[in-house]
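Hi,

Have a look at it first, then read on.

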Amino acid sequence: MISLERVTKSYGNFKAVDNVTLEALPGKITVLLGPNGAGKSTIIKSIANLLDFDGKIEICGFDNKTIEAKKSFGYIPEVPVLFDLLTIEEHIDFIGSAYKLHNYKEIADKYIKLFNLEDKRKSLAKELSKGMKQKLSMVLALIIEPKALLVDEPMIGLDPASIEDTFKIFHQLREDGCAIFMSTHIIDMLHEWDEAYILNHGKVVKYIKREELGDSTLKEIFFEYTGEE
Ligand SMILES: Nc1ncnc2c1ncn2[C@@H]1O[C@H](COP(=O)(O)OP(=O)(O)OP(=O)(O)O)[C@@H](O)[C@H]1O
């Protein structure tokens, strides 16, 4: 579970995130929607402990700055953070060793196969395409078998088949009880979601569960609460 309580992040006098309280529950896919500049990445980076903020953030019951929290969550950033001169296999071993993982090679093999990266195992990160880098970034987040998964715009750079594969992975993780918290713009491709928070100008303007949608679509709700067309 990921929980935010009264989180505010300011840049100078400007509040990029303003008093946000929200939860991403185990076994659910929770999406964070909002127009450009609404504060989505700022929230995700605050949860990942990459930014200072006011308020409280917990991951699996631990303050997000603790080692226990860090061990519990996987983070897939908007732009993959990789080492240019390490191969795919070396990245996987690096994370396996940093997190003291045991059966990570087996898990990595499963995702490498799924993402068709098998013939690139020995390629350097700088030799990978944008989509391949994104896939490697996902593999690295997944080999720790996270209890919570934090995802910032996961589909950028992925081809349609890989987007489907990614949703299949998220679906399986949800079945396994993982709390998935994902920011995205591609509302049209959101087949799998359980709860949504819509953000505008740094504030949560709408929280909705899928079963509450009725005849509306999530896109219609998004436009209604953000004034976007
Ligand atoms: N380092 C920074 N310094 C000053 N302002 C910043 C900084 N980072 C973000 N902001 C501002 O904070 C606000 C929220 O930015 P953020 O990147 O969180 O938005 P977003 O919802 O992720 O947008 P997008 O959909 O375009 O990725 C924006 O107005 C942005 O200009």
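Which residue in β4 is the bridge partner of I2? Before I get to that, two housekeeping points. Residues are numbered from 1 along each chain as its sequence is written. This is a predicted model, so to speak of local features I needed pLDDT of at least 70, side-chain atom pairs count only at pLDDT 80 or more, and totals for chains, interfaces and linings use all residues.

Now the answer: I2 has I59 as its bridge partner in β4. Helices (H or I, at least four residues) and strands (E, at least two) are DSSP runs, numbered from the N terminus.

**The sheet**

The open sheet has 4 strands in the order β2-β1-β4-β5, with antiparallel pairing; two strands pair if DSSP finds at least two bridges between them. At the edges are β2 (14-24) and β5 (62-63), each of which pairs on one side only. Strand β1 (residues 2-11) is joined to strand β4 (residues 54-59) by 5 bridges, and the two run antiparallel. Along that pairing, E5 stands opposite K56 in β4.

On to β2: 7 bridges join β1 to this strand, again antiparallel. S3, for instance, has E23 as its bridge partner in β2. The two strands β1 and β2 form a hairpin with 2 residues between them, and G12 in the turn has a positive phi of about 65°.

**The ligand**

Around the ligand are Y11, A16, G34, N36, G37, A38, G39, K40, S41 and T42; a residue counts as near if its C-beta atom, placed from the backbone, lies within 6 Å. Helix α1 (residues 40-47) gives the largest share of this shell, 3 residues. By class, the shell has 3 nonpolar, 6 polar and 1 charged residues. Here Ala, Val, Leu, Ile, Met, Phe, Trp, Tyr, Cys and Pro count as nonpolar, Asp, Glu, Lys and Arg as charged, and the others, Gly among them, as polar.

**A helix pair**

Helix α3 (residues 88-98) and helix α5 (residues 130-142) have axes that come within 10 Å and cross at roughly 25°. The axes are lines fitted to C-alpha atoms over the stretch in contact, with angles from 0 to 180 degrees between N-to-C directions. That makes α3 roughly parallel to α5, a term for angles under 35 degrees. The contact is made by I88, H91, I92 and I95 of α3 with L136, V139 and L140 of α5 (C-beta atoms, placed from the backbone, within 7 Å). By class, this contact has 6 nonpolar, 1 polar and no charged residues.

Enjoy exploring!

Conventions:
Parallel < 35°, antiparallel > 145°, perpendicular 65-115°, else oblique. Contact = placed C-beta atoms within 7 Å.
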